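Subject: Structure handover

Hello,

Here is the structure I promised to pass on. My notes on it follow below.

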Amino acid sequence: MTEFTADPPVPPGPARQRPEAIRAVPLHHPWRWVAAIVVVLILAGVVDTFITAPDLHWSVVGQWLFDSRILQSCLVTLYLTAIAMIVGVSLGALLAVMRLSANRVMSWVSWLYIWFFRGTPVLVQLFFWWSIAYILPYLSIGIPFTHIAWTASTNALITPLVAAILGLGLNEAAYMAEIVRAGIISVDQGQTEAAHALGMRRSLVMRRIVLPQAMRVIVPPTGNETISMLKTTSLASIVTLHELYFTQSQISLFNYRIVELLIVASVWYLVMSSVLTVFQFYIERHYAQGSVRGLPPTPMQRLRRMLFQFHDRQATPSELLANVAGSRRGWRR
Amino acid sequence: MATPMVRAESVHKNFGRNEVLRGIDLEVAPREVMCIIGPSGSGKSTFLRCINHLEKIDAGRLWVDGELVGYRERGGRLHELPDREVCRKRSEIGMVFQSFNLFPHMTALENVVEAPTRVKRETMAVASERGRALLDRVGLGDKLDAHPRQLSGGQQQRVAIARALAMQPKLMLFDEPTSALDPELVGDVLNVMRDLAHEGMTMIVVTHEMGFAREVGDSLVFMDSGAIVEAGSPREVIGNPQQQRTKDFLSKVL
């Protein structure tokens, strides 16, 4: 039986001695060095200008970085990101399935939703939900043709958090719908046919065969959307939600240290988005199973392999570097 | 005479204005192996896909095991069958595709047990016991946990056959099962199919493998432009074709 892993057959004949390994003098690239030095010098200059700016007080940054109000607001930002994304992904998946449905009305409604929510600025949408009490002072849900109804004041219902979730989540759903739809379309038609031929029903085919494969296409852009959402939550300051951006701007209103507090906020946004990037790596790796021959190594695996190689057979420094940098060639085990 | 496993009466199919099937009449008896040959675009694959209702026919009648495919006749009119019924009937017909179409996110064994556990609601223990036996039978007892990407084309196609057999079908449809394979790997797949034929499985095989058609097939159908040009025993059709079109085709493939 022929296996993919079989080595090519050794041609018969008298064994010949392997010629000496090539040890050529490497080609020098002087301009690479020049370009690198110029770029580093420019970067250093720019950084130095900002760090040593006469009126920038780093001590103020340090003083506020771990302030309890700032930390609290980071949690609000994370919470809002998570809820808005959950709303976005669930509603987006529903919209994608509707869009691909054989039912024309479903498909049309989904198209309309995407058209509307993608076509208007998210800032406008946020402010719209926040201001909805101006046109609908009371919201009520009732059973038609009866007097059974449940009514609430819109002002009490639409808190800053609810307005932010509605604004960001509903907007996100329009984008997620397109991402999920792209994922579903990317799965080979033959998969659906094979599943139907086995007697699987439509919903089962979607759940067991199509969606798990679509995830490989859906997950990476969803990760980007999540990181993007983390930063877009700063727009929720317009509905006076006490998230990171709103909180830092409130503080700087009192102490006038505007740039210092912007730096504080930026540090936390960077920390949170970096953490999300790490999550994204592991989730993508999970869904790549079965679709690539070898999975990319995790940073821990790379570190272990590097140490192992060093003990095993005195790896050259360039090999070690290639491993640390995670060169793609290293994926195949 | 026993009910034919498949009976087609003047089956027509068109995609838009393009007539793909123009009146197919044939019968396949239980335990019969019928091979269908013909140039590409002759409608062989489309006909096969009509048998398990992956395609709807536009005119004529098609029966599997005495029951109409996709419809129910009541009061002199045809009524479309509900999804549930179509799926139940499909589950009794196995199909093997040219491009394998294994589920890449599942291992070989998971591919094989998926439909029995989810469609027939067999327990995992029962399904995986039979799944192991089937994979063993197609020579892949040591590849249970391999993902399709880790298997060669011939191995993937044998998993696909095992997957279809796991539903214990009464009829197997093969749509050019060896056309996408390296010549070296064709033999393994044909051997599995030959064994299946000897065990009495009813099979319809669309193929370009003349050797297989002559040796294993009970009947041979030559199709061109959506119609049956010539049909009969493989030896007669291949050895002594009556129609000029058949002669031309055979002279090119033999």
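In α3(B), the buried residues are B:Ala108, B:Leu109, B:Asn111, B:Val112, B:Val113, B:Glu114, B:Ala115, B:Pro116 and B:Thr117. Buried means under 20% relative accessible area, with exposed over 50% and partly exposed in between (1.4 Å probe, protein chains only). Helices (H or I, at least four residues) and strands (E, at least two) are DSSP runs, numbered from the N terminus.

Before you go further, two notes on conventions. This is a predicted model: local features need pLDDT of at least 70, side-chain atom pairs count only at pLDDT 80 or more, and totals for chains, interfaces and linings use all residues. Residues are numbered from 1 along each chain as its sequence is written, chains are lettered from A and ligands numbered from 1 in the order in which they are written, and side-chain values use heavy atoms, with hydrogens and water left out.

Chain A has 13 helices and 2 strands. Of its 333 residues, 35% are buried.

Two of its helices, α8(A) and α9(A), have axes that come within 10 Å and cross at roughly 145° (lines fitted to C-alpha atoms over the stretch in contact; angles run from 0 to 180 degrees between N-to-C directions). From α8(A), the contact (heavy atoms within 4.5 Å) uses A:Gln191, A:Thr192, A:Ala195 and A:His196. From α9(A) come A:Arg202, A:Val205, A:Ile209, A:Val210 and A:Gln213. By class, that makes 4 nonpolar, 4 polar and 1 charged. Ala, Val, Leu, Ile, Met, Phe, Trp, Tyr, Cys and Pro count as nonpolar, Asp, Glu, Lys and Arg as charged, and the others, Gly among them, as polar.

Now chain B again. B:Leu21 sits in strand β2 (residues 18–28). Is B:Leu21 buried or exposed? It counts as buried, because its relative accessibility is 0%. B:Gly43 is 22 residues from B:Leu21 in sequence, yet their C-alpha atoms are 6.0 Å apart. Leaving aside neighbours within four places in sequence, the contacts of B:Leu21 include B:Val11, B:Phe47, B:Cys50 and B:Met223.

Best wishes
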